[in-house]
Amino acid sequence: MTRFALIGGIYSNWRALETALSDIARRNVDATFCLGDLGAFGPYPDRVFPLLQEAGVLCLQGNYDNSLAGGLADCQCGYTDPRDNYFARLSYDYTFRNTSPVHKAWLGTLPMSRRLDVNGTRLLLCHGSPRKINEFLWESTSPDAFLRYLLDGAGVDVLCVTHTGIKWHRDLGDGRHVINVGALGRPENDGAPRVWYTVLTIDGSSDVEFIPIDYDHEALAADMHAERLPGEFIETIRSGWWTTCLEVLPQKERARGRF
Amino acid sequence: MDTVTSAAVELRHLDNLWIQVSGTRCNIECRHCFNSSGPRETSFGLMTLDAVSQAIAAAAARAVREIYFTGGEPFLHPQLLEMVACALTVAPTTVLTNGMLISDRIADTLAALATEARYSLEVRVSLDGYTEEMNDAIRGRGVFQLALAGAVRLARRNLLPLITIVRTWEDADERAVLAAFARLLSDAGCDRPRLKILPALPLGRELTRVAGLQQDACVTTAMLEGFDRDLLMCSNSRLVTDRGVWVCPLLVDQPDARLGTTLEDAASLYELQHQTCVACWRYGAICGNVSARIEGPDIAAAPEAR
């Protein structure tokens, strides 16, 4: 039996990451993978790096990491709504300014995907999709046949992604699975401040378990306040409802939220 | 010099199936309409339920990612709701409408479909002004009130419409205009407005609406060097009509853009010969629901680990 912890979308939420890593340490996993987007949104971006490195987490690049490492002008989320862009810019500029050159360079050394073979079960881990680092795979806009096409194209049985910030799992039959592992950095627009990661167990078949992480979100809100991050971001951390970057949400995911 | 040769783009994967379900028949006659649809326009006709079902099945077999119903005005088709229900069993589905025909009964059915389906149903309602005067100058008298009422009926059922707006204002006015749209919608009862802004395209009636419209040359091979071709509709989309399959929804007036009679024979290379192709190249992914430029490093060749 092989067991992996899969985390993603850290968004500088060092407090949720710390709590999740303690939780993972108790679960006797074979490895922990982070599917990218270490920075964004949250406070003190440099704090997540030692936590990930000391825990031996194997990290991939997300679009945010790719932007920070390459000195790009924005986060490559591709918003066009002026309000979304305003907050995305604010978040990116803050994160860029507060991420040390050493950490930016390290982000640039990370692979964009990882392939694993666990006793014949072939896995691909990437940030957005096997096609694009910033392609959104939402549950409500990913048809079964399209997901099979992605698996076929990648030549794998199990595909693990993040990027959207909301977890989901599709069992396509015949041992084929697509898993969006969720995000530790931001609650998932459901009115609860907890965040999520995934434990994947491969033992002949693949078993997916989503793990909720309750952490000291009020302390994170205080950190964000101290760093003068926008009240809208702090509201999301405290309430669990997304307040910004709403443009990319499909109808089903958007309608479930408050804003 | 190949820099003056128009470029050719292949269909990488059929991400988007567009269905011109009502042809060019429309209950209104917008001054900027890119395919000159209108009440008397018959260059394309209504598709049959059979033809639409077959196109959906063929697209499903090709692992389509999204299905779009367009026209004309899709709600002029008496079997549209059946077709939408069929599409939703396969993929997320979008209807592009002027919103005027969305009655309470139709809104109820759409909301029920949206709730029951596994995939998202999006309804894109066109509005080109935040006042009756501004909108109706482009879309026709009486359109504003009916379109707004249709959008509100959807929003009240938690089927949040995407309000699609063609940019007909100056860049400097952008913020104020978008804020005015958001305010209008909130006040009317769409309290979570979703806006999609489209560029005005040098096509159809728009060519006569705006005198001296910029006439760009074709997309050249040099313009595609280092360019993410996924941003071009022709690399990921096809349009089915009652008269065959076209390369994209914007080129229905161009005979060379008709690629065949079925999706199977419309998977060929397309040469980007038209000004519209330049607009697609410039703005990227114009027709999709999210205007977002979904581009970035290609990860197909990423290094392997472990």
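**Notes on a predicted two-chain model**

1. Start in chain B. Just after helix α8(B), G284(B) takes a positive phi of about 70°. This structure is a predicted model, so read every value as computed.

2. Now look at the helix itself. α8 of chain B covers residues 275-283. Its buried residues are T276(B), C277(B), A279(B), C280(B) and W281(B). An α-helix has 3.6 residues a turn, so residues three or four places apart point the same way. What do the buried residues of α8(B) pack against? Their partner is strand β7 of chain B, residues 194-199.

3. Turn to chain A as a whole. Its secondary structure comes to 9 helices and 10 strands. The C-alpha atoms fill a box of roughly 50 × 40 × 35 Å along the principal axes.

4. How much of chain A is buried? Buried residues make up 56% of its 259 residues. Contacts also reach across the sequence. Take the contacts in chain A with a separation of 6 or more: 67% of them join residues 24 or more positions apart.

5. Next, the sheet in chain A. An open sheet is formed by 5 strands, in the order β4-β5-β6-β8-β7, with mixed pairing. Which strands sit at the edges? They are β4 (113-118) and β7 (168-173) of chain A, and each pairs on one side only. On average, neighbouring strands of this sheet are turned by 10° against each other, direction ignored.

6. Zoom in on one pair. Strand β6 (residues 158-161) and strand β8 (residues 176-180) of chain A run parallel, joined by 4 bridges. In this pair, V161(A) stands opposite N180(A) in β8(A). Helix α6 (residues 144-154) of chain A packs on the sheet. It touches β5 (121-126), β6, β7 and β8 of chain A, and its direction makes about 80° with that of β7(A).

7. Last, the nonpolar core. The largest one has 165 residues. Those with the most contacts inside it are L6(A), L159(A), C160(A), L184(A), I19(B) and I67(B). Helix α5 (residues 143-156) of chain B gives the most to this core, with 7 residues.

Note on methods. Residues are numbered from 1 along each chain as its sequence is written. Chains are lettered from A and ligands numbered from 1 in the order in which they are written. This is a predicted model: local features need pLDDT of at least 70, side-chain atom pairs count only at pLDDT 80 or more; totals for chains, interfaces and linings use all residues. A residue is buried if 20 or more other C-beta atoms lie within 10 Å of its own, exposed if 12 or fewer, and partly exposed in between; C-beta atoms are placed from the backbone. Helices (H or I, at least four residues) and strands (E, at least two) are DSSP runs, numbered from the N terminus. Two residues are in contact if their C-beta atoms, placed from the backbone, lie within 7 Å. A nonpolar core is a set of buried Ala, Val, Leu, Ile, Met, Phe, Trp, Tyr and Cys residues joined through C-beta atoms within 7 Å. Two strands pair if DSSP finds at least two bridges between them. Axes are lines fitted to C-alpha atoms, for helices over the stretch in contact, and angles run from 0 to 180 degrees between N-to-C directions.
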